[in-house]
Structures are given as C-alpha cells and as structure tokens.
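Let's go through this one together, question by question. Have the model open in your viewer as we go.

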Amino acid sequence: MNIELADCLVHSILDMPEHKELVLNRPMMLKAIRSENPQQGSSNEREEIATQRILLRMLATSAKFELEKATDSPDKKPRTAVTSKRRRSSGENAETRMEQLSIALLKNLPNLLDAFKSDTMSLRDVTKLPSTITMSVIGLPSRKTDFQNLVKTLCQLYIDSTDEQTLQNIAETLSQWVEGDHTRLSEVKINLKRLSRALQDRLMELFRDSDPQEVASQRSKSSKRSKRSRRSSSSQASSIEGSTMFSASPEVDAEHSIALLMLRWNILLMQCQPQFLFEVADGEEDEDEIEGLFFTISEAMGKRLSDRMPNRDDEGDENATSVTNKTIWKELDPEVHEEVAVTVQRALKVMLLIVSWELSDTLMERKEFENSETKDNEDDMEIDEYKFPVLKLRDNLVKLLGVCFDQHLPETEGVEYTNEQEDFAYTVQASAGQVSSDLRTLFPYDWSKATDPVRRALALTNGEDFTFLLSGFARFFQSREDVAEDDSKPSLVREALLPLARVTTMNFDGFFRKEAAMIMQHISGSGSLASQTILSVSRTLKKTNPVRMLESQMACLRLAFENWLDTEPIVPDDTEPTDDEIQVFEDAEQKHLDAFASMEQVASKLSSTLGVAGRLANDSLKKSIFGFVREGIRYSFDGSENNKGEDDLVVGSRLAFLLILSKYSIWIKKEKSHLEQLSDFLLEKESELRRHPEFEEVHDDDLNALSDFKKSLGIKRKVTDDSFGTANDDNSFSVATPSPATAISSRRGTHSGVSKGSRASRRSNMSSQSELPPLYEEDDVENDGGDENNESDGSPTPQKRRRLDNGSIGSSLKRGSIPEENEQDASDSENGSAE
C-alpha cells in the first residue's frame, strides 16, 4: 500500500471549502481511528488495518498542515482593513483548532502509542503527532497528568522500538520539548536524563555479557557512576534489547542489541544537546559522563576490531609480510561478524557526534578570546587534554579509525579469507573513510594558522596516528579502484571519492596534492556523479589555490602514467608461443592501449577545467602553466628527479607522456614568450637525448610522440648537432643520464599493434598495500642523499621510490602511500619554479 498517497488526498480535500471539515475535524478522526479495531483472523482484517493506517496518515498530515498555517507569519502587510480582518480571523480559527487538537492528542496519544506499537507503519504516523501539540496546551494545569504520561510513554517507546523512522520522530519531539518555552520543561529534562541513564546501563550490561573478561577493565566507570544518585526504572533497563527472529546464537542476539543501542544513541545525539542527556563531573571525578560513554564505546570497538585483525609478521623480508588469520572467524557464528560490522559502523558515528558536541562547546568558550584585546598573553598558554578534553577524544577516535583501516586484507599466497571476513573488512573501512573525512572537516588545516592558540592545537595536520589514518584511507581507496567494475562504480564514488573530495575542498589552503591527484583520475570513466564532483572541486581550487591545483594535476597524470608503465604486457618468452598465450598477450596489449586512451581523456578534461574558450581563469594560472608544462617536459626526458642517474627504464620510454601533456598546449600557445622559452628547453632536451650513447634503442613510437608534441605547440625548428652548447642554462633542470642497461630491447610503443620487445629491466610489480610506510610529499623530502639508494636493496627487481624535490611541480605517487604531514609552506616554495 502506497500510504504517501493519503497526503495528496488531504491536500485535495483542504482545497475544497465545502469538504475541508472532513480532515479538520480531528476529534471525529480520532474517534474513527479508535473505533477501527481489527480482529486477528477475521475476513476483513487487511481492510481494517489499511483503513486505520490511512486515517492515521490523514490525521498526521492535516495536523502538520494546520500547525504550519497557525505559526505562519506573512512577510507582507495586508493591503486593506478587510484583508487584515479576514487573515486575523483565519489565524484565530487555526489557533483554536490547534488547541483543540492538542488537548485531544494529550488525552488519546498514550493509548494510541500503546495500541499501534507492534504496527511499524502505523507507529511512524502516530509518533509524528506529539510534535504538533502546542506549547500553550502543554503548560495547562489541567493537562499536567496527560503530558507526564505522554512523555513517559514516548521515552519507553524509544527504548523498545527498533524502527529508525519511529526513533527519529520521538527524538525530534523530545528535543523540541526540552528546548521549548513551557512550564513542563523540568519534567522533560528529568525524563531525558532517565532515558540516557537507562541506555548507558543497558549498554554496559551488554558489553559485559558479550566479553566477560573485560569486566575488570571497564575503567571503573560503574563505580564512578554509582556515586551519583540514580533512580532509573528497572523496567527501562531490562527492556532495552533487540530481537532477531530465528537467530543462530545468543552472541548474535547480544551483538544485534548493541547495534540497536548504537542506533538509538546516534539518533538521540543528532537531535538533543548533551547537556540534556549527561551529568557533568563533580570535583571528585576526572571526566564527564559523556566522556565515560565515549571511552566505553571506544574500548569495546577496539577489542572487537583487534580480535578480527589479521596477524602480520614483518620480521622477515622487508619487502614481504607474512599474514595469518585469526581463529575467531572459524570459532564464532558467521552472523556475529556481520552484526559486529554494523555495530562498529554505528559506534563510529556516535563517537563522531560526541566529538562534534565537545568541539562546539570548546569553540563557544573561546569566543571570549576572539573578542578580547589580550591575545598576545595567551600565546604561551599550556594546552593539554585535561583543560581541553576534545583533544583527547579526537586523538582517541583517530587511533580507532586507524585500527579500522588495519582490517585491510592483503593478497598473500597461501592465505584465504572467508566471505564474512571480506565483507567485514569492507564495511568497517568504508565507515572509517566517511567518518575520517568528517573528522578532518571538523578540525580543518587552516586552523593551524589561526591567531587563537587553541584553534592551532585543534587543527588536525600531523602526528603518527594521523599519518596511518591517511595511509589507510589511501589504501582503501586504491583497493576499491582495483575491484570496482562498472556496476560498483557508484559505491566507489559514494564511499571513497566523495569523502576525499569534501576534505580537499574544505582544506583548500593545505590539502594534500596526492589525495587530490587520486580523485582527479576519476574525472573520466567513473560516471557523471564523479565527473561533476571533480569539476566542482576544480572550480573551487582554481579560485582559492590555482598553483596547488596544477601541482595536483601533474601528480595525477604522472601517477596514472607510472602505473601504465608498470602494467605493460610481457612478450611470451617462447619462440613459438601457443595460440592461448598469443590471445592472452593480445588481450593484455589492447587493455594497455585502452588505458593510455583513458589517460588522454583524463588529461583533456583536467585541462578544460583551467579556463573557457581558450582563456585561463586567472593570472595565477597564466604564470604557473609555464612551469607546469616545463616540468612535464623534464619528466618525459629525465623521469623522477630522485633517480640520481639511475633509471630502470629504457632511454626515451617516458616520451609517451608528451602525448598526455599535449592536451595543455592550447594554454601555452597564447603566450609567445612562454612558447619561446619552452621551445628552447624542449630542443635542448631533445639534443641531449640524441647525444645519448643508447639513443638507437629509443622506440620509433616514442620519437613520434615527441614529434606530435612539437606539432601541438607549433614548433617547427629541428635539432642539429651544434644547436646547443654543452653547458646548461641556469634556469634548466639538471639532466639525469640513465645508466647503461644490459640486454636492452625496445619498449613496445603506444600506438603499435605488434610488440617489438619488452624492457630488460622492469620495475617490481609487488603490491605495497599490505604495509604502508609513510611517504612525505615532495616538500618534506630531506635532500641529504643518503636514503634514496637504500630503498631497493632487498628487492630482486629494484623499484625506485619517486619523490620530487622542492623545486618541482607535483609529485609521483607510490600506490598506497600518502604524505606524513601537511606542508605549510609548500605553495610558497614551489611558486618560484611554477612561475
């Protein structure tokens, strides 16, 4: 039954003056609802139930309409006295009807709530009615008993109900009453405190029952709370539990009940301020009641996550990790893990809400500082978690989110994961990704530059736990990219792309270029929502930090190109390969060509975000586009600057990157001075390439890419042996000469349909996602020259870690890695090279 159609019926009747009393006569409708008493098993049971539901819906809709009409205050003044009189009469009639309805609801709602508590559809409409009761009627002395009964009934129903919409309606009503202006305010506050205590007591009881060994380690919260005088009802505490029909085990029932309690807390904290739910610590206690709830949940969730996290042994080969599974996946009912995943998902939201409320209180207290004239005296003030508990709560949540991302299941030979384990890891990491995005939005980077020392301390910018949080999110993002098919692209956008885009936009002044590069790759091929999101992010960044946006685009293109090089198909070694081997190779080759075409499409769309109709959006982009293209040319010839003369690719293998860079040629050709400088720089690099002793090994397709790039810029000059001297220009980048490769064969081109060989020295394609050593962004690399060569000692096929030095634009990303801390002066240090 489409119950929503009853709303259309109500509005239609209200538009007919001769019939509108049918829906405005609420006492008659209440009487009709009470008279409809469906008898179970009767022939007309379904019709009677449908009639009741329709009447309830009509009553709720008409009451909401009347309440809006009674509280509506027209912006414009009446033009005439007659119009004013009519409006005043209409308003008085509406107020009178609302008072009559409110009195009728106070009398009948407790019975209606009890009668329909087992009918979820009807209960959703019944629980909408209390919010329509006017404050003036609530304060009537004659209605005191009726209101007290209604409040108690709603609180008990909140404890018993498992329907999210019903809980939402009740929480909204209680929040409206506890913040309203009426004489029954103290009674609502008392009942809300009792509700909160009942939920806390039941949660503690379920945590003890689900993990008896943790009774002694509950941080003595029970003994602390016993000091407070409590009169919570035993009926409340005993009835807070969920029911799973035909559940396989008591463990499933207990975990399901905990998940329902987390849902109740989540909805309640979304609607009600903590001051109406929790007691404040007295002089003998160290933490408020809300902090006790936070750490109780944190400890319980941490225990559940640690029990299910794969064991990793890093004591062997530094490039390999031994992974073993926990026995808990075989010992417990599989349904338990599903319920635990839901519990963790909801618990993270509850903890985020608590942190949000604490942050709000802290900022409200700091308003005095913002308005004071003694700011200099507070610069040296001591800021710790005891004075500002929000710091302690935030850091604890960051650690828990890191444990969630540690549920990642690396692909390890000999280790098989159950479906339950894979589903659990996915659900927990997806939830952690969304919460971490919200947390970083609540504690933005730009606070690190605030005048208030407390705001500077609140900025979430660095720290080991924060680094693991970023690395874990990046690893989850990339794992979702690897498995995402066409039908799962929307979930990738919703669970990973949108949260990361929100953080990038919010922290526009100090966002991580590598994170921005990760999302920019999805401007094409991931659906319209992903494309629109990235276009929106680009428009924002173009206005706020255009230079950093260009750096992110360069990082995005280089990341995609490096991954494309790593996945080049290997020619079969056999001189006479089988038909199956040939087919496999041809399929891989076609996929490789399609991947390059996708990169060109991404570059084209990213380039289009810089301006419209051949004009760049602002002067900063005009100055920076020269450095952007110049860095792209340098990378095409030299590769990463940190190679230090050693490269694992055949000479000229990166020239295909010029085809991607050519999508930006339109912006360079507008500035003749820039075009002339780039022409000289490009021809100088080409001259050095042609003088290289291994130039004969450069593939024809790579040289064609160079030629096409010159054509895109309109460069007609050719390189001759004496075109350039041996000394480099002061403004040029240092040229890294590749070391001679052994047994070099030509790399397959980007356009050729037939392979002519493969690289003799290939990068190791081993996954680095299981372990994530933090990588710094290019600004944070210490150029002491001592650490670069030690990265690949243990690898049979050295994989160069590509980082850019301070003078370069953008960065090259290693999969599964992100910077350890944000660069405060990144843009300043790179503007010189960009401009």
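**How two helix pairs pack**

The crossing of α19 and α21 is left-handed, meaning the near helix is turned anticlockwise from the far one by less than a right angle. This is a predicted model, where local features need pLDDT of at least 70 and side-chain atom pairs count only at pLDDT 80 or more, while totals for chains, interfaces and linings use all residues. Numbering starts from 1 along each chain as its sequence is written, and side-chain values use heavy atoms, with hydrogens and water left out.

Reader: Which residues of α21 make the contact with α19?

Author: Contact here means heavy atoms within 4.5 Å. On the α19 side you'll find Tyr 426, Gln 429, Ala 430, Gly 433, Ser 436 and Arg 440. Facing them from α21 are Phe 466, Leu 469, Leu 470, Phe 473, Phe 476 and Arg 480.

Reader: Why do α19 and α21 count as oblique?

Author: Angles under 35 degrees count as roughly parallel, over 145 as roughly antiparallel, 65 to 115 as roughly perpendicular and the rest as oblique. Helix α19 (residues 419-442) and helix α21 (residues 464-483) have axes 10 Å apart, and their packing angle is about 130°. That angle therefore makes the pair oblique.

Reader: And at what angle do α8 and α13 pack?

Author: Helix α8 covers residues 144-160 and helix α13 residues 250-271. They are oblique to each other too. With axes 10 Å apart, they pack at about 135°.

Reader: How much of the protein chain is buried?

Author: Buried means under 20% relative accessible area, using a 1.4 Å probe and protein chains only. Of the 835 residues, the share is 51%.

Note on methods: Axes are lines fitted to C-alpha atoms, for helices over the stretch in contact, and angles run from 0 to 180 degrees between N-to-C directions. Helices (H or I, at least four residues) and strands (E, at least two) are DSSP runs, numbered from the N terminus. Buried means under 20% relative accessible area, exposed over 50%, partly exposed in between (1.4 Å probe, protein chains only).
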